[in-house]
Amino acid sequence: MSTGEELLRTHGLRVTRPRLAVLEVLTGGGHLEVDEIAQRVRTRLDSVSTQAVYDVLGALSRAGLARRIEPAGSPARFEARVGDNHHHIVCRGCGAIADVDCAVGERPCLTPSQGHGFALDEAEVTFWGLCPDCQTRRLADTA
């Protein structure tokens, strides 16, 4: 397993304390908003601006070490699970997000009826529904 320093260097990025801290937060799992990432980074570093966190996330995303997802009506979220073409399911009630593995296991996972000459390498699919907790709350509200 690679250390954060090795990952950054392997992907052509300078090793900095903010980059290491953001990478550590992301590898902890989840689909995190920038404010949550910044909060967690601040527990590891003396101080870091929200703009610095945005800058680090941009660099990590461009380098393929982080993935930015933008469910409709929600702020951008970031995760460390990259390169496997997985999808997401989003709760319409509370906004919880879970990973859904690719339907066929290879990129781009889905083939459109027309490719318009594009060389397809990824399909981004978002499933929507109600998580178990929201389903329970909805049933309790109607009872």
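User: Which residues line the largest cavity, and what makes them lining residues?

Analyst: This is a predicted model, and in it the lining consists of Arg67, Ile69, Glu70, Pro71, His88, Val90, Ile97, Glu124, Val125 and Thr126. The test for lining is an atom within 4 Å of a cavity point, so these residues get the label. β2 and β4 each supply at least two of the lining residues.

User: What makes it a cavity rather than a pocket?

Analyst: In a cavity a 1.4 Å probe fits but cannot get out, whereas a pocket is an open set. With a cut-off of 30 Å³ or more, the count is one cavity, and the space in the largest cavity is about 60 Å³.

User: How does the lining divide into nonpolar, polar and charged?

Analyst: You get five nonpolar, two polar and three charged residues. Arg67, for instance, is in the lining, and Arg counts as charged.

User: Why is histidine 87 called buried?

Analyst: Its relative accessibility is 2%, and buried means under 20%, so histidine 87 counts as buried. The residue sits in strand β4, residues 87–91, where four of the five residues are buried.

User: What makes the approach of histidine 87 to valine 125 a polar contact?

Analyst: A polar atom of the histidine 87 side chain lies 3.4 Å from the backbone nitrogen of valine 125. The cut-off is within 3.5 Å, so the distance passes. Valine 125 also shows up in the lining of the largest cavity.

User: How do you know which strands β4 pairs with?

Analyst: Pairing takes at least two bridges. β4 has four bridges to β5 (residues 97–100), running antiparallel, and four to β6 (residues 126–129), in the parallel sense. Both counts meet the cut-off, so both are pairs. Histidine 87 faces valine 100 in β5, while valine 90 faces tryptophan 128 in β6. β4 and β5 also make a hairpin with five residues between them, and glycine 95 in that turn has a positive phi of about 85°.

User: Why are β1 and β2 said to stand at the edges of their sheet?

Analyst: That open sheet has three strands in the order β1-β3-β2, with antiparallel pairing. β1 (32–33) and β2 (67–69) each have a single partner strand, so one side of each lacks a neighbour in the sheet. For β2, three bridges join it to β3 (residues 77–79), with arginine 67 partnering glutamate 79.

Methods. Residues numbered from 1 in each chain as written. Predicted model: local features only at pLDDT ≥ 70, side-chain atom pairs only at ≥ 80, totals over all residues. Heavy atoms only, no water. Buried < 20%, exposed > 50% of the residue type's maximum accessible area, 1.4 Å probe, protein only. Polar contact = N/O pair within 3.5 Å; in protein donor to acceptor, adjacent residues only side chain to side chain. 1 Å grid on protein atoms, 1.4 Å probe; cavity = no way out; pocket = protein on both sides within 12 Å on 5 of 7 lines; lining within 4 Å. Points joined across faces, edges and corners; volume = space filled by probe spheres on them.
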